[in-house]
Amino acid sequence: TGSISPISRIIALKNGSVWCMTTKGDLLCKANNTWKFIDAKVQQLPAYQPIAIAEGESGYLLISYENGEVISLKY
C-alpha cells in the first residue's frame, strides 16, 4: 500500500469506502476494490500523532491530532 507504519485508526464511510490512518498520519483508502495511499508529508498534513478520524460533512474526513489541531480533509 505504500506505508510501513502501523495502522492506528480505521473508519468505514457511508459511501462504502474504508479509510485507515497510520501512526505517522499517512492515509490509506479502499474504494471500488482499489487501495490508494496518501502520504501525509506530500499532502502537507500536520506532523503530529493522529488521534481520531471521523466522517464529516459529505465528501470530508475530520482528523484530530495530539496537539489539539483538527483538520477537515476533502476526499
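The lining of the second largest pocket comprises four nonpolar, no polar and four charged residues, where Ala, Val, Leu, Ile, Met, Phe, Trp, Tyr, Cys and Pro count as nonpolar, Asp, Glu, Lys and Arg as charged, and the others, Gly among them, as polar. The model is predicted, with local features needing pLDDT of at least 70 and side-chain atom pairs counting only at pLDDT 80 or more, while totals for chains, interfaces and linings use all residues. Residues are numbered from 1 along each chain as its sequence is written, and side-chain values use heavy atoms, with hydrogens and water left out.

**Pockets**

- A pocket is an open set of points on a 1 Å grid over the protein atoms alone, where a 1.4 Å probe fits, with protein on both sides within 12 Å along at least five of seven lines, and lining residues have an atom within 4 Å of a point.
- The second largest pocket, with a volume of about 150 Å³, is lined by Lys24, Asp26, Asp39, Ala40, Lys41, Leu45, Pro46 and Ala47.
- The largest pocket has a volume of about 190 Å³, a volume being the space filled by probe spheres set on the points, which are joined across faces, edges and corners.
- Strand E4 (34–38) gives the most to the lining of the largest pocket, with four residues, strands being DSSP runs of at least two residues, numbered from the N terminus.

**Sheet**

- Strands E5, E6 and E7 form, in that order, an open sheet with antiparallel pairing, and two strands pair if DSSP finds at least two bridges between them.
- Strand E5 (50–55) and E7 are at the edges with a single partner strand each, so one side of each lacks a neighbour in the sheet.
- Five bridges join strand E6 (residues 60–65) to E7, and Leu62 stands opposite Ser72 in E7.
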